[in-house]
Amino acid sequence: MADESEGRETAVAGGSGRGFRPGSLDAVNFLLADVRGALGPYLNVFLVTQQHWSQSEVGLVTSLAGWLGLAVQTPIGAAIDATHRKREAIVLALVVLGAGALCIYLFPAFWPVLIANVLIAVVGDVFGPAVAALTLGLVPQRMLARRMGRNAAFDHAGNVAVAALAGLVGWLFSQQAVFLLVPVFAILSSLAVLSIPAAAIDQRRARGVEASAGGEANGGAGDREKVSGMGILVQCRPLLIFGICALLFHFANAPLLPLVGQKLAAAHPEWATVMMSSCIIAAQLVMLPIAILVGRTADRLGRKPILLVGFAILPLRAVLYTLSDDSAWLIGVQLLDGVGAGIFTALTPLVIADLMRGTGRYNLAFGAVATMQGVGAATSGFVTGMIVDRFGYSAAFLTAGAMALIALAALFLGLPETAPASPAEAGVGPLEEPSLAE
């Protein structure tokens, strides 16, 4: 996925540049997708089809875990900004995640699942900002768009791989056995993370502080002088708007795949895991080239036009789900998720990096936006579960579509373009555009 020149440039991009290989970061993104993908939507399908939970019970557990996890999302981002042990933070989170999945496998009752889901939600807050921080610390600004696209591409490739593997495990053994994949991939992910030399990470750049002439490479007094206060979260109006758009987008998007998976599982209970894997693979195969394309065009076309395309896909997808219950149709419509969510996933860390460049609060802002996303996802899980129980699947899909239209309007009317105005601006110094900080 990368040419030799990119590898050479990336290898010297870190704090000292000693020993970093781009393939290590590729492996981290690929394997972390495997860890998370071996749990995610399979849990909902397993609880509904095998444990015979009601939609409301599943929605309650999902929402409670989501809301409790959200309480620590932004503080975790601030902690990642402050620590130089970002690799170790990811490894610790992987240990907890693997233990939570093992608990669900062994004790699939209400309280064990709830407690495990809470722990998984909390430690899941670490991966996004921590991996993005590692990327910022290893890659210069001029290469950031391509590298973020490459990160997303390997993430999607990992999702395809684990979905295929989970489908095979579910077919050969049981839906419950899929959860055993999580601790296996957690170990592999830990090894990949630790293969990145700590000395190669520019700790200043990893939190969004640009190194000044004569400044210390890895933090210190100069770093403290340049770091903005936490008030940047409310002072940066475009960040607030983007956070609201992210909330609405995830409120609409988060329940769609689980709902489709449940419809497919109800129609073909013996193929439940395979059907869910088919939906995931269909979307992720589209996301992979989309992520690469976004990485290569985001500087030239700008962030906003590409984001608008991604947001416009979501209401269309929600409506199309209501037109037929045919399995082939549902899986085919799921392909659109690869375009919409693929664009959003690839551009989110890049937009935040644009807005927070020079502030030293990148991971804090990443955590805050992730909190907004989580609010939308956690709330929609409970709301759509109630709607399905009372009014059916079509009503839930149309509700999601209406929220997606609101998200599209908010993005179009409220968010300015965040891309640097010139190649020179992309390479050095904090973002100078006043409108992005007011």
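# Close-up views

**View 1. Helix 18 carries the buried residues Ala396, Phe397, Ala400, Gly401, Ala404, Ala407, Leu411 and Gly414.** Buried means under 20% relative accessible area, exposed means over 50%, and partly exposed is in between (1.4 Å probe, protein chains only). The model is predicted, with local features needing pLDDT of at least 70 and side-chain atom pairs counting only at pLDDT 80 or more, while totals for chains, interfaces and linings use all residues. Residues are numbered from 1 along each chain as its sequence is written, and side-chain values use heavy atoms, with hydrogens and water left out. Helices (H or I, at least four residues) and strands (E, at least two) are DSSP runs numbered from the N terminus. The cover over the buried residues of helix 18 includes helix 12 (237–253), helix 13, helix 15 and helix 17. Helix 18 covers residues 393–414, and its 22 residues should span 32 Å at 1.5 Å a residue; the end C-alpha atoms are 32 Å apart, which agrees. The expected span of a helix is 1.5 Å times one less than its number of residues.

**View 2. Helix 17 bends by about 25 degrees at Ser380.** The bend at a residue is the angle between axes fitted to the seven residues ending there and the seven starting there. Helix 17 comprises residues 362–391, and at 1.5 Å a residue its 30 residues should span 44 Å; the end C-alpha atoms lie 42 Å apart, which agrees. After helix 17 comes Gly392, with a positive phi near 100 degrees.

**View 3. Arg147 and Asp26 form a salt bridge between their side chains, at 2.6 Å from N to O.** This pair links distant parts of the chain, 121 residues apart: Arg147 belongs to helix 8 (residues 144–172) and Asp26 to helix 2 (residues 22–37). A salt bridge is a side-chain nitrogen of Lys or Arg within 4 Å of a carboxyl oxygen of Asp or Glu. Side chains of opposite charge can pair when their charged atoms come close. Arg147 is buried, as is Asp26. The structure holds 9 salt bridges.

**View 4. Asp354 pairs with Arg303 in a salt bridge whose closest N and O atoms are 2.7 Å apart.** Here too the pair links distant parts of the chain, with Asp354 in helix 16 and Arg303 in helix 15, 51 residues apart. Both Asp354 and Arg303 are buried.

**View 5. A salt bridge joins Lys263 and Asp325, with 2.4 Å between the closest N and O atoms.** Lys263 lies in helix 13 (residues 256–267), and Asp325 lies in the loop between helix 15 (303–320) and helix 16 (327–356), so the pair ties together parts that are 62 residues apart in sequence. Are the two partners buried or exposed? Lys263 is buried because its relative accessible area is 14%. Asp325 counts as exposed, at 57% relative accessibility.

View 6. Ser189 counts as buried because its relative accessibility is 0%. Not counting residues up to four places away in sequence, Ser189 touches Leu31, Leu32, Val35 and Leu94. Contact means heavy atoms within 4.5 Å. Ser190 is also buried, with a relative accessible area of 12%. Apart from neighbours within four places in sequence, Ser190 is in contact with Val91 and Leu94.

**View 7. Gly167 and Ser277 are 5.4 Å apart in space, C-alpha to C-alpha, and 110 residues apart in sequence.** Gly167 has its place in helix 8. At 7% relative accessibility, Gly167 counts as buried.

**View 8. Cys103 is partly exposed at 23% relative accessibility, while Cys236 is buried at 1%.** A disulfide is a covalent bond between the sulfur atoms of two cysteines. Counted as a pair of cysteine sulfur atoms within 2.5 Å, disulfides number 0 in this model.

**View 9. The whole protein chain has 19 helices and 0 strands.** Of its 438 residues, 58% count as buried. Among contacts in the chain with a separation of 6 or more, 83% come from residues 24 or more positions apart. The chain exposes about 16,700 Å², with carbon and sulfur atoms supplying 67% of it. Accessible areas come from the Shrake-Rupley method with a 1.4 Å probe; for residues, only the protein chains shown count as cover.
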